[in-house]
Every structure is written in structure tokens, then in C-alpha cells.
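Have the sequence and the 3D view ready side by side.

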Amino acid sequence: MQVTVESTGTLERRMRVELPAERIEKEIESRLKSVGRTAKIKGFRPGKIPPKVIRQHYGVQVRQEVLSELMRSSYTDAIAQENLNPVAGPKIEPQVTDNDGFAYVATFDVLPEVKLQDLEKIEVTRPEVEISDGDLEDMVLNLRKQKATWSVVDRESAEGDRVVVDFEGKLKDETIDGGVGKEVPVVLGQGQMLPEFEKALFGVTAGDEKTFKVKFPKDYHAEDLRNKKVDFTVNVHRVEEEELPPLDDGLAEIYGVADGGLEQLRADVRDNMEREARQKVLGNVKEQVLAALLELNPVEIPNSLKHQEMHTMQHEAMRQLGIEDHEQAPPIENFAEGAEKRVRLGLLVRQIIDDNGIVVDGERLRARVEEICSNYENSAEMVNTYMSNPQVMAQIEPMVLEEQAVE
């Protein structure tokens, strides 16, 4: 086997592999003998078919099979021999030689040589977050608001009320797209509608009809409405007042806290807030570290890896958007910049892991799984299910390794 390698780009390699005719013919002869033992051809007894007849019937098929298998095995041997590290499957171009042998050219990308530098120059600012009693009470109030009920009141609307209206918006006497609503609830003070629209709903009562103008902002998503004044007519069905559940043990029961009542609910809420705060801090620090790592370590990436990552990101976007028809997928070029960043970071983080001999910390891995499963009612059972599933763990382990590398 003769192997020659040339660089056709910084990371692209063109490897030519030539297999001698003797090796090919020897393999074909061996395969034809094997076929001859079991072949069934009319007019001949099994196992007694002349080699010439076997070759006439099966020679072309066997040759194709042999060449295909020799390409696979010789490619693996050749990249090992040349100490190459392809990042993806090669593009194969078969060639015919002058001496009845066989050759092919394999084109592929290799990983860049990554030498980390200036890691000691990376500086991060670690945010300090403290959950105060006021923060806790604000969160408890949010929990009460999530379980609020609304009752009709016979008075003018005010901040915090819910006003249920029909409306129609017209521009030059033409109803605008999306400008009609029926029985639309608007909570005053939440900024659900444009500011001028919401302002007009303060001080209304059930049965009121009101006409007013609303100027749309310059950056409004509908281009034909930007900076335009639209006439709105509103009919008020009813004004409703928010009623919060009492701040007592009953609130804890609503949220499934069986023992400990309101105090236990507060304790659980504080624990959740502190856990989320820790995650936010770690995420912020991680972003700073990785951004600095990228800035200080420019590295060229293989185009094949970039294109693979672009396709992965496109499919992620399709799944998130609920798109199944690939023709409706976001244009793949939209993901080029993000894919390049992902691949570069992946190579740099992998180099940190290799340089420092980092292996997955078993305790941290289990802690991460427990964190993921903490919201399940049967969390202990789910942890064991996750830990015993190799496919799931193959997705979680890189996350833990990355955290260790960031640290």
C-alpha cells in the first residue's frame, strides 16, 4: 500500500492510497472460492462449479465488494500510518492505475493544533447575590398573584385592575391587521398593550365606549404602522378586581407543601431562590471565562465541523419552533457565526481538559443529575434511572467536564 498526503489548505488534507493489483486479485480469488462452495448455477452441482464459471457469474459483484472493503480498511490503516486525525468522514474519489491496481483519493479536514496561551490574563468579576427578606416576600407575593381570582366591581378602573374590552383599530378608516379584539383582558400596569392604549383604560367603567388615538413606536414590528397614529374604539365589558389567596397555611397547601405550613413554604422558596442565584452567578462567571478564552486564543476551525454545527443548530431551532418541514427551516447561513463560536470553544475547552488531565468527577456528576431531577416527585427514582442510562449520561457528562474546565 502506497500512501501520499498533501495539504490543500490549512486544515484540509488530500491523501492518495494505492493498492497493488496482487493484493486485490488475491482477495478476489479467495472470495470467489468461498462463493463457489455454496453457489447454485443451473447445470452444475453445488461445490462442483468450475472457477471460470463462478468468475463469469460473480466476478463483477465480488470485485466491487472487495474494493469497497479494502477502501475502508486501508483508509483506517493509512490515517494511522500517517498519524492523521480526521474530524469527519472523507470524500472518496476512486482512481484507476496503470498496473491494474486500484487507488483512491480521500479528502478530509484535520483538527488544528491548539496551544493555549495567556490563560493567566483572564480576569472575571464574580457577582455577589444575597436573597433578602424583602426579596423573599416579593416572591411569595408573586406566588399569591399566580393563584389570584378576579371579581367584578362596580367602579372606575385603577392600577392593578383587569379591564375586559372589545376594541378595533383603524388607520385612515381601514382596520389594521390584528387590530380587532373581543373580550380581551388587560391588567392595568403590566404593560401588555402600548402605553397610550393602556392609559386610556384607566378610569373606565362597565358599559363605557371610548375612542382615542395611539401613536405606534418607530421600531414597531409591523413596518406599515411605525410612527403612525391609529384610531381605536374600545367597548368596556367589565372591570375586575384582583383577589389574592390569604397569606396563611392554606397558601402552602395550594403549592403542595403538606407539612410545616407557610413557614415551610417560605423556606422552600428561599432555597429555590438561592439555588437559582448560585446558578446565575456560575453562568455569569462561565460566560466571562469563555469569552476571554476565545479572545485570547484565536484558532482556525475545520469547515466540516462548522457545517456540522450549523446543521445541528438549524435542527435545534426547528424543534424549538415546532417546524417539521425542512423547507420552512430558518436559513442555515443564519447559524454560521454561532456555529463557528461553538466549535472554537469546543476545541479550546477540550484542550484545557487534555492539558490538565481532567476526568469527570463522579460526585459532581451525581449532584448534577440530582439537581436535574429535583423537580420530580419521585426524584430519587429518577436519579437512578438517569444514572443507569448511558445515552442520557453521555449528554450530561460533557456539561460537568466543561464546568470543571471553566473552574
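N227 is partly exposed, with a relative accessible area of 39%. Here buried means under 20% relative accessible area, exposed means over 50%, and partly exposed is in between, using a 1.4 Å probe and protein chains only. You'll find N227 in the loop between β8 (209-215) and β9 (229-243). Those labels are DSSP runs numbered from the N terminus: helices are H or I with at least four residues, strands are E with at least two. N227 isn't a glycine, yet its phi is positive, about 65 degrees. Most residues other than glycine have a negative phi.

D118 is another non-glycine with a positive phi, about 60 degrees. It sits in the loop between β4 and α3 (133-146), and at 25% relative accessibility D118 counts as partly exposed.

## Where the numbers come from

This is a predicted model: local features need pLDDT of at least 70 and side-chain atom pairs count only at pLDDT 80 or more, while totals for chains, interfaces and linings use all residues. Residues are numbered from 1 along each chain as its sequence is written, and side-chain values use heavy atoms, with hydrogens and water left out.

## A four-stranded sheet

Next, trace the open sheet of 4 strands, which runs in the order β1-β2-β4-β3 with antiparallel pairing. (Two strands pair if DSSP finds at least two bridges between them.) β1 (2-7) and β3 stand at the edges with a single partner strand each, so one side of each has no neighbour in the sheet. On average, neighbouring strands of this sheet are turned by 20 degrees against each other, direction ignored; axes here are lines fitted to C-alpha atoms, for helices over the stretch in contact, and angles run from 0 to 180 degrees between N-to-C directions.

How many bridges join β3 and β4? Strand β3 and strand β4 (residues 102-109) pair in the antiparallel sense over 6 bridges. Two to look up: P94 has Y104 in β4 as its bridge partner, and K91 has T107 in β4. Strand β3 (residues 91-96) is hardly covered, with 0 buried residues among its 6.

## The nonpolar cores

A nonpolar core is a set of buried Ala, Val, Leu, Ile, Met, Phe, Trp, Tyr and Cys residues joined through side-chain atoms within 4.5 Å. The largest one has 24 residues, and M15, V17, I24, Y75 and F108 have the most contacts inside it. β2 (12-19), α1 (21-38), α2 (51-81) and β4 each supply at least two residues of this core, and the largest share, 9 residues, comes from α2. Apart from it lies another core, of 21 residues, among them F197, F216, V234 and V239.

Zoom in on I24: not counting residues up to four places away in sequence, it touches L19, R63, V66, L67, L70, G101 and F102. Contact means heavy atoms within 4.5 Å.

## A helix with a buried face

Which residues of α9 are buried? They are L365, R368, V369 and C373. Seen down the axis of α9, they fall within an arc of 130 degrees, so they line one face of the helix; the arc is that of the directions from the helix axis to the C-beta atoms. These buried residues pack against α10 (379-387) and α11 (390-406).
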